[in-house]
Structures are given as C-alpha cells and as structure tokens.
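Visitor: Please show me the model, and let us discuss how its terms are applied.

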Amino acid sequence: MRSARSVIEAVDKTKYEVVPIAITKEGNWLGPAAAAKLLPEEVQRKLSANALNTKTKEVAILGDPSRHGLMKLDTGDQTTETLDVVFPVLHGTYGEDGTLQGLLEMAAIPFVGCGTLASACGMDKVTMKALFREAGLPICAHTWFLRAEWEGDPNKVTRRVIREIGFPCFVKPANLGSSVGVSKTSDKASFAKAVDLAARYDRKIIVEELVDGREIECAVMGNDEPQASLPGEYVIHEESARFLDYTEKYSSTGNVEFIVPAHISKSVIRKIQSMAAKAYKAIDASGLSRVDFFLKKDGELLVNEINTLPGLTDVSGFPKMWEATGIPFTRVIDQLIQFALERHRERSRNETSI
Ligand SMILES: Nc1ncnc2c1ncn2[C@@H]1O[C@H](COP(=O)(O)OP(=O)(O)O)[C@@H](O)[C@H]1O
Ligand SMILES: [Mg+2]
C-alpha cells in the first residue's frame, strides 16, 4: 500500500491516468473506487474522477487476450475496460513471484517489471543463487533442503548443515522476502527453532553461512541494456539491531539509516554497478530490480539477492538511489512504463503457432 501510494503520487498525471486496482489478503480484486478508498484522502484526490467513476466493486483480468483489460464482474453486461499498461506494485507471493506476471502475459497486457521467468527465479533464493553462480558472480556458501526432509529426519538434516555450513548460519524460507521467517542461528537448538519458523512459509528452506559485511544495494533499470544507479548502504547504528529484520526494515526505529551514495570508493562503485547488471541479466530481468550486496572487511563483494519488485515507498532504497543518480522518481516511473511497452512490443514479435 505504501509503495502504491508513492507511485500514484509521483506518476506524471498529465501523461498517465491511474486506475487503481487492489487485491485483498483473501485474493479478491477490488475495482478502482473500492481500491481508492484504501488510500489516504489526500492521495484519493489526486486520482482522476474518470478512473473513480468505474463503480464496479469486483473486477478481474482474464487470460483471454481479446478482453484486453479489466473485466467488470458485478455489472450484468460483463464489459471490459481497456488497460494500456499494468504496474504491479505488489511485493512477495503472488505479486513478485511470476504468478501475476503469467496472467498478464497470457492476457497480452503490457506490464512494468520482470516477466514470469525472472520473477520466479528472483523469488526463489536457491534458484537465484544457482543462476548467479552460473554467471560467475560471488555468493556466500549455502545449502538447502525440503520441509518434508526436515520433518522426516531432523537429525540427518542438522548433521548435513553442520558439515556443509556450520554455525553461526542464517535460515530462510527459499521463497519470501522482507526478512519474514529469516533467523540467525548459533547452535542446534536455535537452528531447530529457525527451521520450524521458516517451514511455516515455504516447502524449501535455505541455509547460508553468516556473512559479516556492510549491506550495500544498487538499483537497476532497463531491458536488454540495463543501467545501474549509484549504490546506497543500510547503516545499522545500534548493536541491538542484529540484522535487517522486518521491524528494522519498515518501522523507522532509528536504528538503521539508508545512505546514498554509499561511502565507498569509485572503483568499488563501478564494481558493484557491473555486478548488479550481471545479476540482472543472470535471471533475465527486465524493467526494474534492486540488487543487494555484502561488502566484507577485506573488500570482498558477495551478491546477496535480487528483488524484482523492490520497495517503492518514499523511504525505500530504489527511488532514493535513482534520485541520487539524477533521475527523479516521476521520471523513473515514466521510464519503467516505456520499458514495459518496449518489452511488450519485443515479445509480440514472437510467433506462437506453427
Ligand atoms: N548470510 C547472511 N549473513 C549475514 N546476514 C544475513 C545473511 N542473510 C541475510 N542476512 C540478513 O538478513 C536480512 C534479510 O535477508 P535477505 O536474504 O535479504 O532476505 P529477504 O528476501 O527477506 O530480504 C539481510 O538484509 C541481512 O541483514
Ligand atoms: Mg533482502
């Protein structure tokens, strides 16, 4: 919601008309008027009356490309409203993992950001790391197992993790984000607790060596020739903040600060930018992504992860890094929409029947 709000506020309204659509936690799609009500009043006022006049409460996008837009479910005539481009401002499962992207690809509606493949690969930390390794990018030592293996024989899994990674280590659900289900563990007991937590969120669990390093991020935009921004850094001020967990990321505790550009040398900046573009290409990303790094004391850089739908709130790294690079958020959004249309044209060239 916070990301959607800042996109709606920043988008050039002389060029684009925003039609808000919301998806509830239960998965119901809300039409523009109902979706707008979820936004603060001052933001609602920035939406055009035309968009809000669509009183339909229940809407859907069908995979049928001849519909080409938003289908109104609660009007008897079942009309559709054409959408020129969809900007999925959704983080995590069903928003960032390729499922929504698959629907939009079937419907042949241009959309901002990565396609199905890149979204799914960027969401699954095991697959993402395999692609990074394949591209020659440095990553931390890690291993993974299935929830079913853990439930079948936890001692066997623990022995393997100790042999391959050892303590301390990080335990995470393979598919998620925002640090949900992520724990730092130091012994068998904390490891078991961490796996039980991660297993609530995914059937696949990844374990990584603990990396002691600065957390640097880099924003990337573009299709076949992606451009990287100036990197930023999450600086943790208080020792009590053990790592960037959900609270530290989103509740402005004052413990962490995002500094852009990061205080690093020009040569490290260039290295980060080239690694970020390489990571982007490794998963076949398009539109936008944010690539996160660890910078170790000895100068070694590791790619931690790529986020195909990074936070777009007023305090998020992605808009801030472009701002510092000289591209204000309004122009970033405009470029993202242009990349969406360009990618759609490129995809439309493919023959789909023989
Ligand atoms: N291997 C690791 N070593 C040290 N800290 C880590 C490691 N993995 C994750 N963290 C910490 O946990 C945070 C969240 O992990 P991350 O892999 O970025 O998952 P998410 O997709 O949830 O953001 C990171 O920003 C970092 O602070
Ligand atoms: Mg992260």
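Guide: The buried residues of α13 pack against β10, β11 (227–228), β12 (232–236), β13, β14 (287–296) and α14. Helices are DSSP runs of H or I with at least four residues and strands are runs of E with at least two, numbered from the N terminus. This is a predicted model, in which local features need pLDDT of at least 70 and side-chain atom pairs count only at pLDDT 80 or more, while totals for chains, interfaces and linings use all residues. Residues are numbered from 1 along each chain as its sequence is written, chains are lettered from A and ligands numbered from 1 in the order in which they are written, and side-chain values use heavy atoms, with hydrogens and water left out.

Visitor: Which residues of α13 are buried?

Guide: In α13 they are Gly317, Phe318, Pro319, Met321 and Trp322. Just after this helix, Gly326 takes a positive phi of about 105°.

Visitor: Why is threonine 158 called buried?

Guide: Buried means under 20% relative accessible area, exposed over 50%, and partly exposed in between (1.4 Å probe, protein chains only). Threonine 158 has 8% relative accessibility, so this residue counts as buried. Threonine 158 lies in helix α9 (residues 154–164). Leaving aside neighbours within four places in sequence, threonine 158 is in contact (heavy atoms within 4.5 Å) with Trp150, Lys188 and Phe191.

Visitor: What makes a set of residues a nonpolar core?

Guide: The members are buried Ala, Val, Leu, Ile, Met, Phe, Trp, Tyr and Cys residues joined through side-chain atoms within 4.5 Å. The largest such core has 34 residues, and among those with the most contacts inside it are Phe87, Met221 and Leu336. The largest share of this core, 7 residues, comes from α14. A second, separate core of 27 residues includes Ala279, Tyr280, Val291 and Val303.

Visitor: Which residues does methionine 221 touch?

Guide: Not counting residues up to four places away in sequence, the partners of methionine 221 include Tyr280, Phe318, Trp322, Val332 and Phe339.

Visitor: What is the volume of the second largest pocket?

Guide: The volume is about 370 Å³. Of the 17 residues that line this pocket, the closest to its centre are Asp224, Asp284, Ala285, Ser286 and Arg343. On a 1 Å grid over the protein atoms alone, a pocket is an open set of points where a 1.4 Å probe fits, with protein on both sides within 12 Å along at least five of seven lines; lining residues have an atom within 4 Å of a point. Grid points are joined across faces, edges and corners, and the volume is the space filled by probe spheres set on the points.

Visitor: Which element gives the most to that lining?

Guide: It is α14, with 4 residues.
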